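Biologist: I am new to this structure and would like to learn how to read its features one at a time. Could you take me through them slowly?

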Amino acid sequence: MIPSILPFLINKKHRLQNDKAGNDMIKKGKSVLSRIAVGDALVYVPFSCDKSLRTYDDTEDVEALIARYKETKQKARGELEALGEQMKQKGGDQEAFVQAHEEILLDPVMEEEILSLIRRDRMYPDSAMVQVYENYIQIFSANKNEVIQERAADLRDVLSRLLRCWHGVPEKKLSDLEKPCIVIAEELFPSDTLSLDLDHIMGIITEKGGLTSHTAIIARSLDIPAILGCEGLTDLVRDGETVILDGVKEEVVLRPSEEEIRHYEKERDRIEQALEINRKYLEKEAVTKDGQKIEIRVNLASPEIRGKERIRFIDGVGLFRSEFLYLSQDQLPSEEMQYQAYKTVAQAFQEKAVVLRTLDIGGDKQVSYMELPTEENPFLGNRGIRLCLTHEDIFRTQIRAALRASAWGNLKLMFPMITSLNEFRRARDIVYEVGKELDQKHVEWNKDIQIGIMIETPAAALIADRMIDEIDFASVGTNDLTQYLCAADRMNSDVKEYYQDYHPAVFRILGMLAEVFQKAGKTLSICGELAGEYKAAPVLIGLGVKALSLSITNVPELKRRIRSITMADAKALADEVLRMKTAQEIEQCLERFEEHIQMESTNESE
């Protein structure tokens with residue numbers, strides 16, 4: 001059996017390279033924030049011990065060993081509970097990480113295996129813990145699902161805590177540092193990062209980890225510059241040495257000269273000044289100079305909302321990706337698990353809309369436990385709503401969970417990969433059937449729940465005017481729409497040049513859709529990457545799109561852009577773009593408009 005561990009992350013490996021620039025060594029990595037930090041290094045080495053497997057003989061008291069194991073486990077649990085309480089008092093959003101580690105620690109499957117090794121195989125408890133945890137670490141690390149791979153970090157973290165408690169070693173923390181520093185480590189576990197000394201940590205650099213690892217998520221939420229994946233770095237740096245973290249170029253400069261230090265400090269100050277000016281726009285309304293309100297929503301990939309205090313400054317969730325629950329499990333998520341996740345977000349946003357996209361796997365998103373057949377063209381295969389209608393039992397479970405959660409807020413349903421009205425009707429009918437089943441059981445749900453579609457195929461876009469009477473709203477997934485319009489797989493680097501975000505066909509079809517939805521008085525939003533493109537936003541608004549959904553970290557800058565334009569300017573820009581023949585012409589046009597905005601913004605103080 002696989003232990004029931006609650007995962008969070010998707011970790012992608014990055015091939016790194018060393019480079020030389022004069023006498024300076026430069027290490028490449030992946031940057032969490034486009035920021036710069038200059039400071040002294042603190043090389044952080046967590047607890048380690050001998051993990052060789054040992055067995056005991058007849059002279060040992062087995063029950064005494066088991067009692068010590070249980071004491072160790074209780075001590076580790078006490079540390080986690082104290083950490084969780086600390087996070088709660090701080091009002092942070094990291095409690096879920098602590099809860100996940102408690103679930104690992106208390107997992108009954110792992111517990112049974114450890115006790116069996118102690119009793120049956122006569123292993124010392126610390127060796128039994130290593131054997132069981134390392135076994136699952138290897139299983140998860142080798143899994144093709146990158147989300148499951150990332151669970152290995154949680155397992156290593158809990159194992160390290162258990163072994164440290166077994167050996168009676170006090171917990172080493174980054175919560176009480178003597179002076180400002182840049183933390184450098186092979187890897188930072190969640191428990192290392194949860195209680196960071198924010199007054200002294202200037203930046204984080206690790207050898208392991210990706211942009212969706214625990215460290216990346218926490219660094220981003222705490223606004224700490226970080227570069228991850230700098231292999232071999234801890235062997236090259238000593239405590240106290242000056243290092244430069246350049247999040248703009250995604251590199252770490254070791255042993256910089258005095259001249260370089262001055263240069264980077266000046267760049268750091270310039271970036272921080274610009275960010276400070278930009279941050280104030282989060283709290284402002286997304287309104288053009290001539291008073292047109294644009295709805296700014298966020299995309300969510302899990303119910304863990306970073307920076308909940310920012311919810312009041314956004315207009316809802318434009319895309320809640322439900323597949324995170326399926327991708328992060330080694331088995332189908334239960335109805336109750338889904339219900340709790342959807343309810344959490346619905347409650348957090350209260351009357352604000354939360355658009356839940358039903359299960360969207362297939363294509364580039366696969367789950368091992370469903371054993372889906374290999375497809376030659378998965379992006380054109382059984383994915384999205386097609387897969388849901390093929391596996392109707394799975395779909396009905398999700399719909400039951402979603403409808404139950406709809407009683408707790410303004411939850412809406414959106415079907416992905418729609419190509420025809422028949423597909424929409426079949427899926428909608430299932431929603432109504434499930435609703436009737438809930439009525440019979442006297443389960444509350446929002447009977448006025450809105451049902452919409454994701455427009456990401458040319459077919460759906462071209463018949464939008466025929467579907468408009470039956471759908472309540474729509475959101476355009478520009479990533480897939482662009483790849484289908486350009487006939488270029490967005491995951492295939494060999495055809496990268498043919499996948500063009502600014503292809504004239506993309507803007508023409510968006511303009512057509514905006515007109516259809518405006519006439520019908522229904523909401524059309526953009527939730528693909530194009531919505532977060534600052535240069536493209538004025539065009540989308542000029543075309544008639546009144547709702548954009550993007551990552552919450554990009555919201556302030558987008559609001560700033562919107563507040564710096566008029567609808568007249570946006571419409572004129574959109575008209576100009578629609579007359580252009582190539583993506584290159586459009587990109588140059590948007591760059592000219594961007595320069596115009598920046599020039600005006602520089603002269604404007606709000």
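Biologist: Which hand does the crossing of α10 and α12 have?

Modeller: In this predicted model, the crossing of α10 and α12 is right-handed. Helix α10 covers residues 335–349 and helix α12 covers residues 392–405, and their axes come within 8 Å while crossing at roughly 35°.

Biologist: Which residues in α10 and α12 meet?

Modeller: From α10 the residues include Glu335, Tyr339, Tyr342 and Ala346, and they are part of a group that meets residues in α12, among them Thr397, Arg400, Ala401 and Ala405.

Biologist: Turning to the strands, in what order do the eight strands close into a barrel?

Modeller: The order is β10-β11-β12-β13-β14-β15-β16-β17, and the pairing is parallel. From one strand to the next, the twist averages 30°.

Biologist: How many bridges join strand β10 to strand β17?

Modeller: Strand β10, which holds residues 295–300, is joined by four bridges to strand β17, which holds residues 547–550, and the two run parallel. To find the place in the model, you can look for Glu295, which stands opposite Ala547 in β17.

Biologist: Which strands does helix α19 touch?

Modeller: Helix α19, residues 555–563, packs on the sheet and touches β10 and β17, with a direction that makes about 160° with that of β10. Helix α17, residues 504–520, also packs on the sheet, where it touches β14, β15 and β16, and its direction makes about 155° with that of β16.

Biologist: Now for a single side chain: is His101 buried or exposed?

Modeller: The idea is to compare its relative accessibility with a cut-off, and buried means under 20%. His101 counts as buried because its relative accessibility is 3%. The residue lies in helix α2, which spans residues 95–105, and a polar contact of 3.0 Å joins the side chain of His101 to that of Asp154.

Biologist: What percentage of the residues of the protein chain count as buried?

Modeller: Of the 606 residues in the chain, 53% count as buried. The accessible surface comes to about 27700 Å², and 46% of it belongs to carbon and sulfur atoms.

Biologist: How many helices and strands are there in the protein chain?

Modeller: There are 21 helices and 17 strands.

Technical notes: Residues numbered from 1 in each chain as written. Predicted model: local features only at pLDDT ≥ 70, side-chain atom pairs only at ≥ 80, totals over all residues. Heavy atoms only, no water. Buried < 20%, exposed > 50% of the residue type's maximum accessible area, 1.4 Å probe, protein only. Polar contact = N/O pair within 3.5 Å; in protein donor to acceptor, adjacent residues only side chain to side chain. Pairing = 2+ DSSP bridges. Axes fitted to C-alpha atoms, helices over the stretch in contact; angles between N-to-C directions. Contact = heavy atoms within 4.5 Å. Areas by Shrake-Rupley, 256 points an atom, 1.4 Å probe, with all protein chains shown as cover. Left-handed = near helix turned anticlockwise from the far one by under 90°.
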